[in-house]
Amino acid sequence: MSILEKRTQIATEDIVYRSRPIIASIIIIGGLIGLVAAIGLSVSFGAADIDIGTVWSAIVQYNDELTSHQIIKEIRLPRVLGAALVGACFAVSGSIMQGMTRNPLADSGLLGLNAGSAFMLAICFAFFPGMPYMYIIFFSFLGAALGAGLVFGIGSLSRGGLKPVRLVLAGAAVSALLIALSEGIAIYYRISQDLAFWYAGGVSGTKWENLEIVAPWVVVAFVGAMFFSKSITIISLGEEIAIGLGQRTKKIKFFLAIIVLVLAGIAVSVVGAVGFVGLIIPHITRFLVGHDYRWIIPCSAILGGLLVVLADFAARMANPPLETPIGALIALLGVPFFLYLARKGGEGI
Amino acid sequence: MSNLFVKDIVVSYSGLPIIDRLNISIPDHKITTIIGPNGCGKSTLLKTIARILKTDRGAVFLDGKAIQQLSTKKVAKRMAILPQSSEVPPGLTIFELVSYGRFPHQRGLGTLKLEDLKQIDWAIQVTGLSELKDRPVVALSGGQRQRVWIAMALAQDTDILILDEPTTYLDLAHQLDILLLLEKLNKEEERTIIMVLHDLNLASRFSHNMIAMKEGSIVAEGPPSKVMTSSTIQKVFDIDANLTICPFSTNPILHSYQLSGCTQDLLENANEG
């Protein structure tokens, strides 16, 4: 049979579109339910335990005179929502970075974005105390760009190009430098107290007004990530293939880089330099839903939010009334996971 | 004038000129193969034709327009490119990878329409991958993997196919497999095929048109009978070739060959022994 005959013979009912949207839908729905449950759990437990009924009534009929309602509304709820938000930001930025650079070790922490943001935050605290939160976010974004620029700059100097493990080494060196500089600034200007919290990572200081400022940016960045999600899949096949398929790779990479920097910058400005969320979550998500970024982006956002909410919960429950830094808890998961990936030689994405 | 031609191009790679003022016209509906020694610029020429590399001067013209001026998505509906050794992300199934060939035909988030599904299914069938289509690509052998990439290029539904060493790393049978498939696509669907091959005999046997390159310029071009001569091969590869006729295609092929300059000694040794 000739090729042409075959072509006309293909019956439409033979064609079954196979993908993994079912698993992805389960993750989105199940993940959202899990996230709401985790948020409820996290809000009701803490230095003072509050039963879940009170949590519910604090949300639906808030009573100003009840201390428990005040704790929930002013302290716990913004904190937990902040945790969910930064988790989603780190995870989505990690997903985009891993896809667009084809580097399975890409993560805003490992590639210097977080340290860059933290460095800029140190400068803000030292030289412009009392700066409005809006500007802090902007500087955090610039810091992420600075960190990424240094890491990719140094990485591309080395012979053999931007190999995954090399970039991570450059990321470690740049992060160490930027953190040392930030600490120097912190000691000299006596702002260590303010900053310590940012390095360790924690959402305990999150307030409603912070969330109100960052939320629209995060929404825009997520919409942008979804808009480009198909393009991320195409670019993850390699630059030459993407060009061959008619993608304007330079333009797409530019927009994606902006989205990554906004997400990482915002996340660091809220929680501090917490690493590994953007490393772990995209891998787990890809394992579950496959390689289609139209599903990876929303699923990793939900799973990332869930991870950080649970980490924050564990951070408060581990040694009450003291709080364990979230960054340390996530690193407990992240470091072995990183070693596992690095052992595979940083291959494949 | 053919649809696709290269006019006066200069292409350099990190400051070094690779191709200097090259002109070539690619005949429509024919198989054209570029041959030449390592580093002669054949892949560079192929990538420039495929608009992956930009020219310093001159241009590649498609339908009378400079290719870099055309919308890249429109070009992607005319030509598909199979780069050399492409890594496949783990977890992708054959169906999924082939479906990305529909990208230039899609809008927005890119849900597959019936038309897309038909084209994908056809591409998977002609490359003989129907049985395997839900398997992960990384689990395939080299020959099968190369077929998947070809299937992806076919799903793109273009009349021009550009392939950079499609038979490298494949054993003899699998090399023939790929080339017979390309020949079939050319014969039955009149697709224009442009490729780089290292094996001169296969190049001669399967091409209508050959381009021999050395040091960034064209030494000879035309039908295999014109390009596959001992003097051209001597000029291009620095080897003395003993040519014969391929019984399967009646084009010239190498019977045996030797580095230029050692031929006399070797012949004497062989006769004595």
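**Entry 1: a hairpin in chain B**

I began with strand β11 (residues 239-245) and strand β12 (residues 252-259) of chain B, which run antiparallel and are joined by seven bridges; strands are DSSP runs of E of at least two residues and helices runs of H or I of at least four, both numbered from the N terminus, and two strands pair if DSSP finds at least two bridges between them. Along this pairing I found B:N242 standing opposite B:S256 in β12(B). The two strands form a hairpin with six residues between them, and in the turn B:T250 has a positive phi of about 60 degrees.

I note that this is a predicted model, in which local features need pLDDT of at least 70 and side-chain atom pairs count only at pLDDT 80 or more, while totals for chains, interfaces and linings use all residues. Residues are numbered from 1 along each chain as its sequence is written, chains are lettered from A and ligands numbered from 1 in the order in which they are written, and side-chain values use heavy atoms, with hydrogens and water left out.

**Entry 2: the six-stranded sheet of chain B**

I next followed an open sheet of six strands in chain B, whose order is β6-β7-β8-β3-β9-β10 and whose pairing is mixed. Its edge strands, each pairing on one side only, are β6 (79-82) and β10 (217-222) of chain B, and the twist from one strand to the next averages 15 degrees.

Within this sheet, strand β7 (residues 160-164) and strand β8 (residues 192-196) of chain B pair in the parallel sense over five bridges, and B:L163 has B:M195 in β8(B) as its bridge partner. By contrast, β9(B) and β10(B) run antiparallel, joined by five bridges, with B:M210 opposite B:G222 in β10(B). These two strands form a hairpin with two residues between them, where B:E215 takes a positive phi near 45 degrees.

I then looked for helices on these strands. Helix α5 (residues 142-155) of chain B lies across β6 and β7 of chain B and runs at about 165 degrees to β6(B), whereas helix α9 (residues 230-237) of chain B lies across β3 (31-35), β9 (209-214) and β10 of chain B, at about 40 degrees to β9(B). Such angles run from 0 to 180 degrees between N-to-C directions, and axes are lines fitted to C-alpha atoms, for helices over the stretch in contact.

**Entry 3: the four-stranded sheet of chain B**

I also traced an open sheet of four strands in chain B, ordered β2-β1-β4-β5 with antiparallel pairing; its edge strands are β2 (16-26) and β5 (65-66). Strand β1 (residues 4-13) pairs with strand β4 (residues 57-62) of chain B over five bridges, and B:K7 has B:A59 in β4(B) as its partner. Helix α1 (residues 42-49) of chain B packs on this sheet and touches β1, β2 and β4, its direction making about 120 degrees with that of β1(B).

**Entry 4: helix packing in chain A**

The contact (heavy atoms within 4.5 Å) is made by residues including A:W217 and A:F222 of α9(A) and A:I259 and A:L263 of α12(A).

Helix α6 (residues 133-157) of chain A also packs on α12(A), at about 125 degrees and with axes 8 Å apart, so α6(A) and α12(A) are oblique to each other. Among the residues in contact here are A:F141 and A:A145 of α6(A) and A:L261 and A:G265 of α12(A).

Helix α4 (residues 67-101) and helix α13 (residues 277-289) of chain A meet at about 70 degrees, with axes 7 Å apart, and are therefore roughly perpendicular. Their contact includes A:F90 and A:G94 of α4(A) and A:I281 and A:R286 of α13(A).

**Entry 5: where the chains meet**

Last, I looked up the contact between the chains, which takes 48 residues from chain B and 36 residues from chain A. Together the chains bury about 3,700 Å², 62% of it on carbon and sulfur atoms; buried area is the accessible area (1.4 Å probe) that two parts lose on being put together, summed over both. I noted B:Y100, B:F103 and B:L109, which supply 18% of the area that chain B buries against chain A, more than any other three residues.

Definitions and conventions: Parallel < 35°, antiparallel > 145°, perpendicular 65-115°, else oblique.
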